[in-house]
Amino acid sequence: MTGVHSAGPGAARRIQYSVLIMTDAPHSPARTRVAPSPTGDPHVGTAYMALFDKAWARQTGGRFVLRIEDTDRNRLVPGSEEQIYETLDWLALGPDESPLLGGPYAPYKQSERLDSYRPYVDQLLADGHAYYCWCSQERLAALRKERADAHSPETGYDRLCLGMTKEERSKLPGFSETPVVRMRIPDDVELGFHDLIRGDVRAPRPDDQVILKADGFPTYHLAVVVDDHLMGIDTVVRGEEWISSTPKHLLLYKWLGWQAPQFAHMPLLRNTDKSKISKRKNPAARLMWFREQGYLPEALRNFLQLLAYPTIAEGEEMESFESFIQRFRWSDISTGGPVFDVTKLDWLNGQYIRSLDVGALADRVLEYAVASGQLTDPSEAAVARIRAGMPLVRERLTLLSEAVPKLSFLLVEDAGLAFDEDSVAKLKGDPAAILDAALATLEGLPEDGFDAETIQQALKSGVCEALGIKPRVGFAPIRVGVTGNRVSPPLFESMEILGRASCLARLRRFADQLAG
RNA sequence: GUCCCGAUCGUCCAGUGGCCUAGGACAUCGCCCUUUCAAGGCGGUAACGCGGGUUCGAAUCCCGUUCGGGAUACCA
């Protein structure tokens, strides 16, 4: 590890690749984990990590664990924890063990594991790897400011308390009654480590990091190491932002005499301006947003995968999770932080929508419409109409949320249909005459056998040919009269669903309105 | 400021020294299909940040530089 020179990512990957080929040995069952904090709406990054965590666990026949990291008591948001369970399940990226599911290493929530940290702190203290620090937060803040103003390269704690007793320290300024515990970083701390994705990595030199806060809670650094070890986690998948803390974690493993896990530092998802993705700049950073918008979870999962990983073949962007699990390799993950741009997801969502048969799509649309409030307590007739209309909109959907609005003309009463003003204004030719001809033609058709093909033929001859006008001119007023808008699902199929009586009623009303 | 990570079309990926006058997908533009809008088909525009090396040969390896990002908390 010490002799890590700048071999370059390419070289590192090549080595890893050849090792994979040569050993050809199946990896032993892995234990991976995702460890979100319940500090607000679940973040898209959580799902992003979970995707790779779960794929690796599945590929190796291992287990995927969800642990809730709630050591920061000040930032807890009620309900957030439940949303984490919910959204991961929705994405079919649910864990095998969790606070909800339980498991052999319960409890799976850090706030319920508090007793497990203190003994290790005491051990580190006794071994001289950690020390008490009574410096007040004010002193620390002043120190930081002073160095920032001086553009000093110095960083971290100045070790004022190192080697002092409480009595000795209390005589100096900036003293606080309740101490924290800090790691004593040795001069020869190992800074390099092997990363599953990046190969050999070098991290910044750590400071004397606080591992136990004044309130008795462990910081992330201590808790994550202790928990991961106690829970048997052997593969840690986390964001790139943690590379700089890895030497601290490795030190803790070493001091405690534990086998360190393997690390995979995923690239950071970015806002359009390339900064680390944030809810502030990108609404899609909220996992719930996708469900609210009407995205399909399978499409989102597929999209997330595309964000760091090559397609299975050129031109084949769609891939099942099962297929991905089979071919997944850490070394194939891209290291550059991808911009999180949902444009391609929109397309993918349309593809997934079209891959559903109309019945299944109708189920999804209905489920969405009720959950989102588009439909409140829909009648049987309304449900039937939406199902009937599904073949007409399937090719026209990007999001589930678009279906009901596109079919709303099937759900209103004839007398309640509004004729879009702009659509009416843009009508060409002589709408009144066209409507008269259409009315006469349709009145001549029988009640039964009022199907799209029949309607089309009748209208073609009864309106377009009879008046000598083009279909686009002749059918436009009929479309507005029947659907209320110049843009609509296919006209004749729509009329078939509506039925003869309803079509006649609507067209008469429209004709009257134009005349009046 | 310091340390670390990264860099190919607008965006996401391919590229592991010659197969690259750089490939695919989305987006965009044009054409076809067409009763609207879509979907679909066909085609076009569009990128190796810069400078030095190494080499017969570099998008690929090395160095520097620039730019972007992250870390630098008693947050995670």
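The largest cavity has a volume of about 30 Å³, and a search of the whole structure finds one cavity of 30 Å³ or more. The model is predicted, with local features requiring pLDDT of at least 70 and side-chain atom pairs counted only at pLDDT 80 or more, while totals for chains, interfaces and linings use all residues; side-chain values use heavy atoms, without hydrogens and water. Residues are numbered from 1 along each chain as its sequence is written, and chains are lettered from A and ligands numbered from 1 in the order in which they are written. A cavity is a set of points, on a 1 Å grid over the protein atoms alone, where a 1.4 Å probe fits but cannot get out; a pocket is an open set with protein on both sides within 12 Å along at least five of seven lines, and lining residues have an atom within 4 Å of a point. Grid points are joined across faces, edges and corners, and a volume is the space filled by probe spheres set on the points.

The lining of the largest cavity consists of Arg 33, Val 224, Val 225, Asp 228, Val 236, Arg 238, His 249, Tyr 253 and Phe 263. Two or more residues each come from helix H7 (220-230), strand E8 (235-239) and helix H8 (246-256), with H7 giving the most, three residues. Helices (H or I, at least four residues) and strands (E, at least two) are DSSP runs numbered from the N terminus. By class, this lining has five nonpolar, one polar and three charged residues. Ala, Val, Leu, Ile, Met, Phe, Trp, Tyr, Cys and Pro count as nonpolar, Asp, Glu, Lys and Arg as charged, and the others, Gly among them, as polar.

The largest pocket has a volume of about 1300 Å³. Of its 39 lining residues, Ala 35, Ser 37, Arg 75, Glu 241 and Trp 242 lie nearest its centre. Strand E1 (31-34), helix H2 (44-59), H7 and E8 each give two or more residues to this lining, and H2 gives the most, four. The second largest pocket has a volume of about 670 Å³. It is lined by 26 residues, of which Gln 137, Leu 140, Arg 144, Arg 182 and Val 210 are the closest to its centre. E3, H5 and E4 each give two or more residues to the lining of the second largest pocket; H5 has the largest share, seven residues.

E3 and E4 also belong to an open sheet of three strands, ordered E3-E4-E7 with antiparallel pairing; two strands pair if DSSP finds at least two bridges between them. Strand E3 (130-135) and strand E7 (210-212) are the edge strands. E3 and E4 are joined by five bridges, and Cys 133 has Val 180 in E4 as its bridge partner.

RNA strand B has 71 residues around it, of which Thr 155, Arg 202, Leu 307, Arg 396 and Arg 479 come nearest; a residue is near the strand if one of its heavy atoms lies within 4 Å of it. Sugar or phosphate accounts for 72% of the atoms of RNA strand B within 4 Å of the protein, and bases for the rest. Polar contacts are pairs of N or O atoms within 3.5 Å; within protein, one must be able to donate a hydrogen and the other to accept it, and residues adjacent in sequence count only if both atoms are side-chain atoms. A polar backbone atom of Ser 488 is 2.7 Å from a base nitrogen of RNA strand B, and a polar backbone atom of Cys 135 is 3.3 Å from a base nitrogen. H12 gives the largest share of the surface near RNA strand B, five residues.
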